[in-house]
Amino acid sequence: PSPINPAKTLSLRIVPYGNHQRLLIARDVSERLLLDAARRDFVANASHELRTPLTVLRGYLDLMEAEAKGDGTLAPWRSPIDEMRQQAVRMENLINDMLKLARLESARAQMRQDPLDAPALIQRAVEDARQLSRGQHRFELDIDPRLGLTGGETQLQSIFVNLIGNAVRYTPPGGAIRVRWHESAEGVRFSVADTGIGIPQKDIPRLTERFYRVDVGRSQASGGTGLGLSIVKHALEAFDARLEIESEVGVGSTFCCVFPPQRTLRLPAVAAAASN
Ligand code: ADP
């Protein structure tokens, strides 16, 4: 807030000026912050409002699908009903991800600071991924059961679920997915390495943009919303963590998150054993 007018927010920058002087540049960013907040509120409200009618449609489509599987009057409509239901599910995923992203963007400053049993959360995300994989991928886990984190559970779970889920969705059947959770000199590292389709180098810097996809068709066919990595990026920011991406087309990708040491938590041995 500006000391002159407390309703204003100024962005301050100090730059070198001549040999011994410094220049202070103050920019009024109040308008931009207000617009950003209005946009986030709009997205959050719109997603929330869209959920209710869609839930009703989904409910009826589920019923019709069950009916169409028999020999009754709906039998000839089996394929269009199935398609409608799939599209409704896609829209539902999209709305949920938009809502999640809008909440993450506005809740950044107020993330909970709870002790988190990260190994247990990783195990849960791996179980979800195994369902998605339907036994078509090999999972290798290398998880330090004593390492926990401090922060928000929703945020941390979004990171684990999206990165492990992507590894399954972009790795052809028969491939392997390696999940690691261990300590390094820089802090705790969470990494997911796959033997999947890989990502062209030129696309890597843009992956965390909203709706950015390397191949739209493949993303949609695999149930992707195009928001997963934006969600991961925002959740990582709340933890002051960073994301490193390495990939080679046709060989595979590694997504690695580095959490700062001050967030590290030693889990008691009993809880660690139970989580394994
Ligand atoms: P989507 O819902 O499309 O998967 P994401 O934001 O999660 O959206 O990812 C953005 C894009 O990054 C994807 O569309 C895909 O092209 C690429 N991508 C993400 N993870 C992987 C991966 N493990 N292997 C290959 N490509 C990936």
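Predicted model: local features only at pLDDT ≥ 70, side-chain atom pairs only at ≥ 80, totals over all residues.

Student: Which residues does Ile159 touch?

Tutor: Leaving out residues up to four places away in sequence, Ile159 touches Val232, Ala235, Leu236, Phe239, Cys257 and Phe259. A contact here means heavy atoms within 4.5 Å.

Student: Why is Gln155 called buried?

Tutor: Buried means under 20% relative accessible area, exposed means over 50%, and partly exposed is in between (1.4 Å probe, protein chains only). Gln155 has a relative accessible area of 11%, so it is buried. You'll find Gln155 in helix 4, and helices are DSSP runs of H or I with at least four residues, strands runs of E with at least two, numbered from the N terminus. Gln155 touches Leu104, Met111, Ala235 and Phe239, again not counting residues up to four places away in sequence. Gln155 and Val232 are 77 residues apart in sequence, yet their C-alpha atoms are 8.1 Å apart in space.

Student: Why is helix 6 described as largely enclosed?

Tutor: Nine of the 11 residues of helix 6 (residues 228-238) are buried, so the helix is largely enclosed by the rest of the structure. Among the buried ones are Leu229, Ile231, Val232 and His234. The cover over the buried residues includes helix 2 (78-107), helix 4, strand 8 (242-248) and strand 9 (252-259).

Student: How do you know that Asp114 and Arg112 form a salt bridge?

Tutor: The rule asks for a side-chain nitrogen of Lys or Arg within 4 Å of a carboxyl oxygen of Asp or Glu. For Asp114 and Arg112 the N to O distance is 2.7 Å, and the pair qualifies. Side chains of opposite charge can pair when their charged atoms come close. Arg112 is exposed at 56% relative accessibility, whereas Asp114 is partly exposed at 24%.

Student: What makes Asp142 and Arg178 a salt bridge?

Tutor: The closest N and O atoms of Asp142 and Arg178 are 3.7 Å apart, and the limit is 4 Å. This pair links distant parts of the chain: Asp142 sits in strand 4 (residues 138-143) and Arg178 in strand 6 (residues 176-184), 36 residues apart.

Student: How many salt bridges does the rule give?

Tutor: The count comes to 22. One of them joins Arg242 and Glu244, with the closest N and O atoms 2.6 Å apart. Salt bridges that share partners also join Arg58, Asp62, Glu65, Arg85 and Glu92 into one network.

Student: What makes the phi of Arg134 worth a look?

Tutor: Arg134 has a positive phi of about 50° although it is not a glycine. Most residues other than glycine have a negative phi. Arg134 is in the loop between helix 3 (118-133) and strand 4, and its relative accessible area of 68% makes it exposed.

Student: And where does Asp240 lie?

Tutor: Asp240 lies in the loop between helix 6 and strand 8. Its phi is also positive, near 55°. At 51% relative accessible area, Asp240 is exposed, because the cut-off is over 50%.

Student: Is Thr171 buried or exposed?

Tutor: Thr171 is buried, with a relative accessible area of 4%. Thr171 is in the loop between helix 4 and strand 6, and it touches His137, Ala176, Asp194, Thr195 and Gly196, not counting residues up to four places away in sequence.

Key:
Residues numbered from 1 in each chain as written. Heavy atoms only, no water.
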